[in-house]
Amino acid sequence: MICNENLLKMDSNDIVPYYNHLMQEDPSTSQAVAAIKTLIEFIRVNPAETLLGLRENLNLAIKILQQTDGPVASIASGCDLFVRFITLTSLDHPDFQDCKSVLVERGKVFLNKVSRSRRKIAKIGIPFIRDGTTILTHSKSRVVLELFKEAAAANKRFNVYLTESMPDKSGVDMFDEVTALGIPATLILDAAVGYIMENVDLVLIGAEGVVESGGIINKIGTYTMALSAKELGKPVYVVAESFKFTREFPLNQRDIPANFKYHSSTIKGNIDLTKEHPLVDYTPPSYITLLFTDLGVLTPSAVSDELIKLYL
């Protein structure tokens, strides 16, 4: 276990262990939120003596966090927005320690804001789940699960189909959590998406990243599901926190950055990536009906405007 007392001089070797400790301590925490908590602690205990030095160390910490074997898209966008938020206004304090304290406090404000996102999105999405609705979802999404919790608490009666979500079977974990809520659910093969699509009313999925076009980067198989839904006229709703909005603009699957598609350990292993199974795919905005975010209900075309606001 890594405690704050052991991080009085957190350096680059402590970043990933601290991040992993946060994820183990609370598995319901999103990876991006755990990364932001790590950065706040890093700022608090970092031995840099100037703002320039602290900024350089912070950029190094972010690069290290993006090399973890996790959803790099959300970690990258979350860290980017975090730095933007805490440095949005000038620091007029002559004492450097005071400046660090201000940055930490701003970081906590940002963390509090993003921590409320999931519940806010769930509230927004409830009206779209009517009694008798049959929903198809893919992989494991904490935001989708939160929406299911809120809908069940509001006495909504609905059924859920969940894909196994190979190769890591994340959909099996999601199935266990959904059934634990008392929600009728059926686990299906990934290959059964087209077969089952005619029986569902809507597709509800999370996202690892929302790109500038309004499309999404998410678990491999999402694009196939969206294609099938489009063909059969089923709406595809995406639930995603605004800290997952990323300044990427892929036009096809090849445009997805390699560090988004493969584990860092795979890339470092000098493996032929053309023979590796990608972890995520890109779903273009034309296959997405609406996005439920903490900024409100958005059409895919509205995402670019919201990104501009976030980075102003």
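The following legends describe close-up views of a predicted model.

**View 1. Helix 7 and the elements that cover it.** Helix 7 comprises 12 residues, 142–153. From its first C-alpha to its last it reaches 16 Å, close to the 16 Å expected at 1.5 Å a residue. Its buried residues are Val143, Val144, Leu145, Glu146, Leu147, Phe148, Glu150 and Ala151. The cover over these buried residues includes helix 6 (117–125) and helix 8 (170–180), together with strand 1 (133–137), strand 2 (158–163), strand 4 (202–205) and strand 7 (236–239).

View 2. The N-terminal end of helix 7 is capped by serine 141. A side-chain oxygen of serine 141 lies 3.4 Å from the backbone nitrogen of valine 143. Just after the helix, asparagine 155 adopts a positive phi of about 65 degrees.

View 3. Strand 5 is joined by 2 bridges to strand 6 (residues 216–219), and glycine 209 has isoleucine 217 of strand 6 as its bridge partner.

View 4. In soluble globular proteins, nonpolar side chains tend to be buried together. The largest nonpolar core of this model has 59 residues, and Phe82 and Leu136 have the most contacts inside it. Helix 2 (residues 31–45) gives the most to this core, contributing 9 residues. Leaving out residues up to four places away in sequence, phenylalanine 82 touches Ile36, Leu39, Ile40, Ile43, Gly107 and Phe110. A second, separate core has 23 residues, among them Ile135, Phe148, Met174 and Val178. Phe148 is also one of the buried residues of helix 7.

**View 5. The surroundings of glutamate 241.** Glutamate 241 is found in the loop between strand 7 and helix 11 (258–261). Its relative accessible area is 3%, under the 20% limit, and the residue is therefore classed as buried. Apart from neighbours within four places in sequence, glutamate 241 is in contact with Ser117, Arg118, Ile121, Val143 and Asp294.

Notes
Residues are numbered from 1 along each chain as its sequence is written. This is a predicted model: local features need pLDDT of at least 70, side-chain atom pairs count only at pLDDT 80 or more; totals for chains, interfaces and linings use all residues. Side-chain values use heavy atoms; hydrogens and water are left out. Helices (H or I, at least four residues) and strands (E, at least two) are DSSP runs, numbered from the N terminus. The expected span of a helix is 1.5 Å times one less than its number of residues. Buried means under 20% relative accessible area, exposed over 50%, partly exposed in between (1.4 Å probe, protein chains only). Contact means heavy atoms within 4.5 Å. A polar contact is a pair of N or O atoms within 3.5 Å; within protein, one must be able to donate a hydrogen and the other to accept it, and residues adjacent in sequence count only if both atoms are side-chain atoms. Two strands pair if DSSP finds at least two bridges between them. A nonpolar core is a set of buried Ala, Val, Leu, Ile, Met, Phe, Trp, Tyr and Cys residues joined through side-chain atoms within 4.5 Å.
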